[in-house]
Amino acid sequence: MKELSQLYYLNREIEMDKKRLLELEARAVSCSSDLSGMPRSSGVGDRVGRYAAEIVDLKGIIEAKLQQCIYERNRLERYITTIEDSLLRQVFTYRFVNGLPWQQVAACIGGSNTADGVRMMCNRYIKATEPETDDGTEVQL
């Protein structure tokens with residue numbers, strides 16, 4: 001379940017980083033440079049320059065996470081296509097690809113399905129298909 005949820009958490013990290021990026025950009029814009037030509041005392045840093053460096057670093061981090069998202073989504077979709085039951089494929093797609101809460105998954109599936117019902121269906125499938133090692137411990141997907 002943890003591995004299936006990686007795309008969701010990665011997307012949340014990206015959103016968090018994007019908010020931080022907006023904050024940094026706002027701070028960098030609000031800093032004004034001293035254009036008087038007067039020398040500065042030692043120990044006074046260039047806040048705009050520091051923010052610019054942080055912004056560039058954060059943009060690189062976001063881009064790397066977006067690439068990781070593409071990889072995780074493809075991996076997740078490949079896993080979901082191996083599920084034989086169409087209803088389960090839909091449950092897994094709504095939950096793990098689209099990141100919907102169980103209540104919305106049940107609503108999208110329709111019928112008499114409840115949030116607990118689709119969650120248990122998913123958990124049963126995962127439990128039934130979990131590979132085990134020779135010593136009885138579970139293997140990560």
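Among contacts in the protein (heavy atoms within 4.5 Å) between residues at least 6 apart in sequence, 58% join residues at least 24 apart. The model is a predicted one, in which local features need pLDDT of at least 70 and side-chain atom pairs count only at pLDDT 80 or more, while totals for chains, interfaces and linings use all residues. Residues are numbered from 1 along each chain as its sequence is written, and side-chain values use heavy atoms, with hydrogens and water left out.

The protein has five helices and zero strands, where helices (H or I, at least four residues) and strands (E, at least two) are DSSP runs numbered from the N terminus. Along the sequence this reads as α-α-α-α-α. Of the 141 residues, 27% are buried; here buried means under 20% relative accessible area, exposed over 50%, and partly exposed in between, with a 1.4 Å probe and protein chains only.

Helix 2 (residues 47-81) packs with helix 3 (residues 86-97) at an angle of about 165 degrees, the axes lying 10 Å apart. Axes are lines fitted to C-alpha atoms, for helices over the stretch in contact, and angles run from 0 to 180 degrees between N-to-C directions. Helix 2 is therefore roughly antiparallel to helix 3, given that angles under 35 degrees count as roughly parallel, over 145 as roughly antiparallel, 65 to 115 as roughly perpendicular and the rest as oblique. On the helix 2 side, Arg73, Leu76, Glu77, Tyr79, Ile80 and Thr81 take part, and they meet Arg89, Phe92, Thr93, Phe96 and Val97 in helix 3. By class, this contact of helix 2 with helix 3 has six nonpolar, two polar and three charged residues; Ala, Val, Leu, Ile, Met, Phe, Trp, Tyr, Cys and Pro count as nonpolar, Asp, Glu, Lys and Arg as charged, and the others, Gly among them, as polar.

Helix 2 also holds lysine 65, which counts as buried because its relative accessibility is 15%. Leaving aside residues up to four places away in sequence, lysine 65 touches Leu10, Glu13, Ile14 and Asp17.

In helix 3, leucine 87 counts as partly exposed, at 31% relative accessibility. Leucine 87 touches Ile109 and Met121, not counting residues up to four places away in sequence. The C-alpha atoms of leucine 87 and isoleucine 109 are separated by 7.8 Å, with the two residues 22 apart along the chain.

Isoleucine 109 leads on to helix 4. The buried residues of helix 4 (residues 102-109) are Trp102, Val105, Ala106 and Ile109. These cover an arc of only 95 degrees around the axis, which puts them on the same side of helix 4; the arc is that of the directions from the helix axis to the C-beta atoms. An α-helix has 3.6 residues a turn, so residues three or four places apart point the same way. The exposed residues Gln103 and Ala107 sit on the face of helix 4 turned away from its buried side. The buried residues of helix 4 pack against helix 3 and helix 5 (115-129). Just after helix 4, glycine 110 takes a positive phi of about 80 degrees.

Helix 4 and helix 5 pack at an angle of about 95 degrees, with their axes 8 Å apart, and are therefore roughly perpendicular to each other. Trp102, Gln103, Val105 and Ala106 of helix 4 make this contact with Ala115, Val118, Arg119 and Cys122 of helix 5. The residues involved divide into six nonpolar, one polar and one charged.
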